[in-house]
Amino acid sequence: MGLDHQQTMEWFQQVHELDTGDFWENEDHGLAIFVSPDVFRCYYLPEEFQDLVVVSDRFHLKPLLHLINNDGNSTFWLLAKSRLSC
């Protein structure tokens, strides 16, 4: 992805810091972590998922979509935003 080691370690420092404090006290069945230069989000999930790591220029959401469409009849729209450089 064109990142140097130092930049990568700075991003994932936040992930390593999850191992401290009370973070794991309220652990649910699953956990989704999204990391980018501008985003760091953690979500507890109500069910277990297989371990998966994806490195890409966009977040991999497909395994999580059934959580918001769990009745099979719901329609949803996903808006993805990116900053393009010309």
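Tutor: One rule before we look: rings of Phe, Tyr and Trp pair if their centres lie within 6.5 Å, and planes over 60 degrees apart count as edge-to-face. Also keep in mind that this is a predicted model.

Student: Fine. How many aromatic pairs does the structure hold?
Tutor: There are 2 aromatic pairs. In one of them, phenylalanine 34 and tyrosine 43 have ring centres 6.0 Å apart and planes at 65 degrees, so that pair is edge-to-face.

Student: And what does phenylalanine 59 pair with?
Tutor: Phenylalanine 59 pairs with phenylalanine 34, again edge-to-face, at 5.1 Å centre to centre with 75 degrees between the planes. Phenylalanine 34 sits in strand S1 and phenylalanine 59 in the loop between S2 and H2, so this pair ties together parts that are 25 residues apart in sequence.

Student: Which residues form the aromatic cluster, then?
Tutor: Phe34, Tyr43 and Phe59 make up one cluster.

Student: Is phenylalanine 34 buried or exposed?
Tutor: Buried, because its relative accessibility is 12% and the cut-off for buried is under 20%.

Student: Switching to the strands: how do S1 and S2 run, and how many bridges join them?
Tutor: S1 and S2 run antiparallel, with 6 bridges joining them. The two strands form a hairpin, and 4 residues lie between them.

Student: Which residue in S2 is the bridge partner of alanine 32?
Tutor: That's tyrosine 43, the residue whose ring also pairs with phenylalanine 34.

Student: OK, pockets. What's the volume of the largest pocket?
Tutor: About 2,300 Å³. The lining has 47 residues, and Phe34, Val35, Arg58, Phe59 and His60 lie nearest the centre. Two of the cluster's rings, Phe34 and Phe59, are in that list.

Student: Which elements give two or more residues to the lining?
Tutor: Helix H1 (5-17), strand S1 (30-35), strand S2 (40-45) and helix H2 (65-68).

Student: Which one gives the most?
Tutor: S1 does, with 6 residues.

Student: And how does the lining divide into nonpolar, polar and charged?
Tutor: The lining of the largest pocket has 31 nonpolar residues, 8 polar and 8 charged.

Conventions
Residues are numbered from 1 along each chain as its sequence is written. This is a predicted model: local features need pLDDT of at least 70, side-chain atom pairs count only at pLDDT 80 or more; totals for chains, interfaces and linings use all residues. Side-chain values use heavy atoms; hydrogens and water are left out. On a 1 Å grid over the protein atoms alone, a cavity is a set of points where a 1.4 Å probe fits but cannot get out, and a pocket is an open set with protein on both sides within 12 Å along at least five of seven lines; lining residues have an atom within 4 Å of a point. Grid points are joined across faces, edges and corners, and a volume is the space filled by probe spheres set on the points. Ala, Val, Leu, Ile, Met, Phe, Trp, Tyr, Cys and Pro count as nonpolar, Asp, Glu, Lys and Arg as charged, and the others, Gly among them, as polar. Two strands pair if DSSP finds at least two bridges between them. Rings of Phe, Tyr and Trp (its six-membered ring) pair if their centres lie within 6.5 Å; planes under 30 degrees apart count as stacked, over 60 as edge-to-face and the rest as tilted. Buried means under 20% relative accessible area, exposed over 50%, partly exposed in between (1.4 Å probe, protein chains only).
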